[in-house]
Amino acid sequence: LVGPALPSGSQELDPVDRGPRLDIPVLGLSGRDDPAAPPAAVAAFREDVPSAEWVIYDGAEADYWDDYLPSYDGEIAADTLERLTDFFAQHLPESP
């Protein structure tokens, strides 16, 4: 689930509202200063989906993984890649 809340009147559910309906493994990775993942929304999601793993990186903004942007943080980006790789290896089936 990616992105901020959808505009009011949208037929789609905000990611936080989808949480209670999820029956899949979930890994959330966000910067503490990312406006698309405010702490209150992350806390609500964690409460609704206690099985979800969510990592909040202190001092990171949105797009901390984009190496061409000023918000890039190489150490946090490397940790994110490692966590994603481990998550996918654990939860995705092997290809034939």
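## Contacts along the chain

Of the contacts in the protein with a separation of 6 or more, 57% join residues 24 or more positions apart. Contact here means heavy atoms within 4.5 Å. The model is predicted, so local features need pLDDT of at least 70 and side-chain atom pairs count only at pLDDT 80 or more, while totals for chains, interfaces and linings use all residues. Residues are numbered from 1 along each chain as its sequence is written, and side-chain values use heavy atoms, with hydrogens and water left out.

## Fold and surface

The protein has 3 helices and 2 strands. Along the sequence they follow the pattern α-β-α-β-α. Helices (H or I, at least four residues) and strands (E, at least two) are DSSP runs, numbered from the N terminus.

Buried residues make up 26% of the 96 residues. Buried means under 20% relative accessible area, exposed means over 50%, and partly exposed is in between (1.4 Å probe, protein chains only). The protein exposes about 6800 Å². Carbon and sulfur atoms supply 53% of that area. Areas come from the Shrake-Rupley method with a 1.4 Å probe; for residues, only the protein chains shown count as cover.

In soluble globular proteins, nonpolar side chains tend to be buried together. The largest nonpolar core here has 7 residues: Val26, Ala37, Val42, Phe45, Val49, Ala52 and Trp54. Apart from it lies another core, of 5 residues, including Tyr57, Ala60, Tyr64 and Ile76. A nonpolar core is a set of buried Ala, Val, Leu, Ile, Met, Phe, Trp, Tyr and Cys residues joined through side-chain atoms within 4.5 Å.

Serine 30 touches members of both cores. Serine 30 lies in strand β1 (residues 27–31). Its relative accessible area is 3%, so serine 30 is buried. Leaving out residues up to four places away in sequence, serine 30 touches Ala37, Val42, Trp54, Val55, Ile56, Tyr57 and Tyr64.

## Salt bridges

The structure holds 3 salt bridges. A salt bridge is a side-chain nitrogen of Lys or Arg within 4 Å of a carboxyl oxygen of Asp or Glu. Arginine 32 pairs with aspartate 58, their closest N and O atoms being 2.4 Å apart. Arginine 32 lies in the loop between β1 and α2 (39–48) and aspartate 58 in the loop between β2 and α3, so the pair ties together parts 26 residues apart in sequence. Arginine 32 is partly exposed at 38%; aspartate 58 is exposed at 56%.

Glutamate 53 and arginine 83 form another salt bridge (3.5 Å, N to O). Glutamate 53 is in strand β2 and arginine 83 in helix α3, so this pair links parts 30 residues apart in sequence. Arginine 83 also meets aspartate 79 (2.6 Å, N to O). Those two are 4 residues apart in helix α3, so about one helical turn separates them. Salt bridges that share partners join Glu53, Asp79 and Arg83 into one network.

## The loop between β2 and α3

Aspartate 66 is found in the loop between β2 (53–57) and α3 (74–91). Aspartate 66 is buried yet has no salt bridge. The nearest side chain of opposite charge, arginine 83, is 17 Å away. Lys and Arg count as positive, Asp and Glu as negative; His and the chain ends are not counted. The side chain of aspartate 66 makes a polar contact of 3.1 Å with that of tryptophan 65. A polar contact is a pair of N or O atoms within 3.5 Å; within protein, one must be able to donate a hydrogen and the other to accept it, and residues adjacent in sequence count only if both atoms are side-chain atoms.

Aspartate 63 lies in this loop too. Aspartate 63 has a positive phi of about 65°, although it is not a glycine.
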